[in-house]
Amino acid sequence: MGSVHFAKGAAVVAAVVIGVVGMLSLPLALQAQNNDEAIQQLVTKGFAIAPVPLNLAGKDPNLVGLGSYLVNAVGDCNGCHSSGTPDSLFIYPYLPDGNPYFGQLEKLDPSVYLNGGTNFGAVGTPTGPKGYAGPAIITRNLTPDYTGRAEGGHTLAEFSDIIKNGHDYDHVHPNCTPAQIQAINEGETPICIPTGVIPGTTFNNIPDGSLLQIMPWVTFSHMTDYDIKAIYEYLSAIPCIDNTLVPGPAGDPNELRNQCGPGPIAPAVRADNDNKGPKALRSPRIRVGIGGAVK
Ligand code: HEC
């Protein structure tokens with residue numbers, strides 16, 4: 001009796017297992033197919049919404065399309081990485097008659113697409129001497145440079161490091177050294193982030209100046225390697241925008257600059273104290289222009 005019950009029980013278990021395996025294996029196959037379709041939809045949508053002509057030479061269209069989707073439909077990169085159209089209010093990257101916030105049909109201004117320049121002000125609350133809060137945090141130019149590489153010439157490995165770890169290769173706003181704190185005390189405004197306890201509070205404001213601030217890399221770091229590669233591929237397919245002639249705001253104008261053509265880049269005139277020298281001298285990504293060494 002006992003063994004019959006056991007046998008019956010085993011049969012039921014077996015039936016359930018077969019049933020579950022059967023159910024699992026079919027939907028899994030379907031799921032793979034659906035996934036392919038879903039990704040293809042993202043790629044197609046990405047191409048449909050790209051607001052600028054794309055250079056697909058030597059690029060993987062599947063990556064470019066997905067990258068466009070992530071940049072233009074999800075990541076809102078242009079919402080922050082644009083100087084804003086000069087013909088409209090500076091904060092909007094839309095043509096004067098194409099601002100959705102005014103109830104108009106969206107028309108992005110391609111001349112400022114991902115060219116950088118939004119000024120977010122200082123990171124901190126004033127924690128330095130004399131209330132000095134450090135330099136303004138300004139978005140960077142994400143268009144490719146004369147090398148054809150995305151984001152001002154960064155390699156995919158560098159780009160991936162930036163997105164995953166917030167590493168600032170340009171060292172635009174390091175934390176203040178004791179000598180710089182001294183300089184602030186003497187009335188200067190060096191380009192460094194002062195840290196410390198906010199006067200009148202117990203809040204210790206300690207942003208790490210070697211990391212990108214405001215940029216949502218913490219969220220983006222959760223993307224897959226494939227997604228990051230797709231964004232990189234897309235950013236290398238968009239047109240270069242050279243901000244060489246645009247006077248930069250106080251803080252770090254050089255960071256907005258990007259060299260589209262061959263030849264060495266001219267040092268920008270800073271609107272602020274310069275403790276770092278021209279970008280060409282300090283940025284590892286500007287090396288040698290065609291036709292001459294970088295000065
Ligand atoms: C909320 C605003 C915001 C959004 C959205 C945003 N960024 Fe940024 N990003 C910034 C700011 C601000 C900086 C400069 C930060 C600094 O100087 O500390 C920056 C810096 C960067 C850098 C470093 C540039 C360099 O030259 O090293 C990269 C790369 C970058 N962003 C890519 C992206 C991409 C790609 C997207 C969309 C997927 C995006 N950002 C969306 C604000 C933003």
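**The ligand and its iron site**

By class, 14 nonpolar, 6 polar and 5 charged residues make up the shell around the ligand. Here Ala, Val, Leu, Ile, Met, Phe, Trp, Tyr, Cys and Pro count as nonpolar, Asp, Glu, Lys and Arg as charged, and the others, Gly among them, as polar. This is a predicted model, where local features need pLDDT of at least 70, side-chain atom pairs count only at pLDDT 80 or more, and totals for chains, interfaces and linings use all residues. Residues are numbered from 1 along each chain as its sequence is written, and side-chain values use heavy atoms, with hydrogens and water left out.

Of the 25 residues around the ligand, those that come nearest are C77, C80, H81, H173 and M215; near means a heavy atom within 4 Å.

Now the iron. Which residues coordinate the iron atom of the ligand? They are H81, through NE2, and M215, through SD, at 2.0 to 2.2 Å. Donors are N, O and S atoms within 2.8 Å of the metal, or 3.2 Å for Na, K and Ca. The site has 6 donor atoms with angles of 87 to 179° and is octahedral, that is, opposite donors are over 155 degrees apart and all others between 65 and 115. Ideal angles for six octahedral donors are 90 or 180 degrees.

Technical notes
Four donors count as tetrahedral if all angles lie between 85 and 135 degrees; four count as square planar and six as octahedral if opposite donors are over 155 degrees apart and all others between 65 and 115; anything else is irregular.
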